[in-house]
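Subject: Structure for your review

Dear colleague,

Please find below the structure that I am handing over to you.

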Amino acid sequence: VHPRCGWYARAVFPTKRPRRLRRTPAIRALVRETTLTPTDLILPLFFHETLTEPRPISTMPGVAQLPVAEAAAQARLAKEHGIGGVILFGLPKEKDPIGAAAYDPNGPVPRAVKAMKDAVPELLVITDVCVDEYTDHGHCGVLKPDARGEMDVDNDATLEVLARAAVVHAQAGADVVAPSDMMDGRVGALRRALDAESLTSTAILSYAVKYASSFYGPFREAADCAPKFGDRAGYQMDPGNAREALREAALDEEEGADMLMVKPALTYLDILAKVREASPLPLGAYNVSGEFAMIKAASERGMIDERRAVLELLTSIRRAGADFILTYHALDAARWIG
Ligand code: PBG
């Protein structure tokens, strides 16, 4: 107490106490910088051309390859959960060296798109555009021998197949097409092909920054697309590179991408933050199959709390800069967010 005026003058250390804003759920909610809502989440779905029953994927608990006849029910499920949308992958009955089934208008993806849009017209439907599910060798493109006779993915020949697939998906009613192959020039090739067919309202979500990652392992069972020889390091990005991510993002923006994506998510949060700063385009992140499998495996063994872990990792992806997240946790997370 001050000797003359009687006021409290004694400094109580510490005077700055950040914990004041963490005391109650109400104040934490008030000052929370990053939010997570169901509309931020996109659910990946795998449609198989010939299945009549769902076929569980052993490496992805709770995820299955689905018959196309399930599409309408899946659309209603997505709507009930209030999620942002779905992204579709297809497994054809027959594969060939160029992946021609990728542009079959009666293939699993166009049929599933139509069924989903008929059932729930307002649902956002995205399609993955890539040929690896459709080629018999499992690579994301048409092969040709290089100068030394080694098989390599032929960039420019692949663009034509991708463009045809995108047009077929858009004609079936897809709102957004998402090229995931990492060929050079594919965004421009897709935009030109779509515009030439007057599909000017179909948006392109580019997997602009996609790394050659071990975390795609379970997906390759899900989509039956593991390469039969070699790997994808000749077209997907080297995990050591960050500046190259900005170059890829800039090129896709120039070529007419409407939205960009970084993939995988958790091991590339720094990349998400950099792309977020460098580009004004909406930005997505793909919380991939291996990231999902790790959480499932650890929580099944009682090592972590699944619900808390999932909400924390999805929040961290948003905090790093993602506007939306493609995730196999979408329905669970939507339920948990409430
Ligand atoms: C390629 C594609 C892949 C994924 C999405 N699109 C696999 C790959 O590049 O090998 C991976 C998704 C995941 O792991 O969840 N069509």
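Which residues does Ile42 touch, not counting residues up to four places away in sequence? In this predicted model, the partners of Ile42 are Ile83, Gly84, Gly85, Val86, Ile87 and Ile126, together with Phe324, Ile325, Leu326 and Ala330.

Ile42 also belongs to the largest nonpolar core, which has 103 residues. Ile42, Leu88, Leu162, Ala166 and Ile325 are the residues with the most contacts inside this core. The element that gives the most to the core is helix α4 (residues 155-172), with 10 residues. As general background, nonpolar side chains tend to be buried together in soluble globular proteins.

As for the chain as a whole, 46% of its 338 residues count as buried. The protein chain contains 11 helices and 12 strands, and its C-alpha trace spans about 90 × 45 × 45 Å along the principal axes. Of the contacts between residues at least 6 apart in sequence, 75% join residues at least 24 apart.

One pair of helices may also interest you. The axes of helix α7 (residues 243-255) and helix α8 (residues 269-278) come within 10 Å and cross at roughly 45°; the two helices are therefore oblique to each other. The crossing of α7 with α8 is right-handed. On the α7 side the contact is made by Ala245, Leu246 and Ala249, and on the α8 side by Ile271, Lys274, Val275 and Ala278. By class, this contact has six nonpolar residues, one charged residue and no polar ones.

Yours sincerely,
A colleague

Technical notes: Residues numbered from 1 in each chain as written. Predicted model: local features only at pLDDT ≥ 70, side-chain atom pairs only at ≥ 80, totals over all residues. Core = buried A, V, L, I, M, F, W, Y, C linked by C-beta atoms within 7 Å. Buried ≥ 20, exposed ≤ 12 C-beta atoms within 10 Å, placed from the backbone. Helix = DSSP H or I, 4+ residues; strand = E, 2+ residues; numbered from the N terminus. Contact = placed C-beta atoms within 7 Å. Axes fitted to C-alpha atoms, helices over the stretch in contact; angles between N-to-C directions. Parallel < 35°, antiparallel > 145°, perpendicular 65-115°, else oblique. Left-handed = near helix turned anticlockwise from the far one by under 90°. Nonpolar A, V, L, I, M, F, W, Y, C, P; charged D, E, K, R; others polar.
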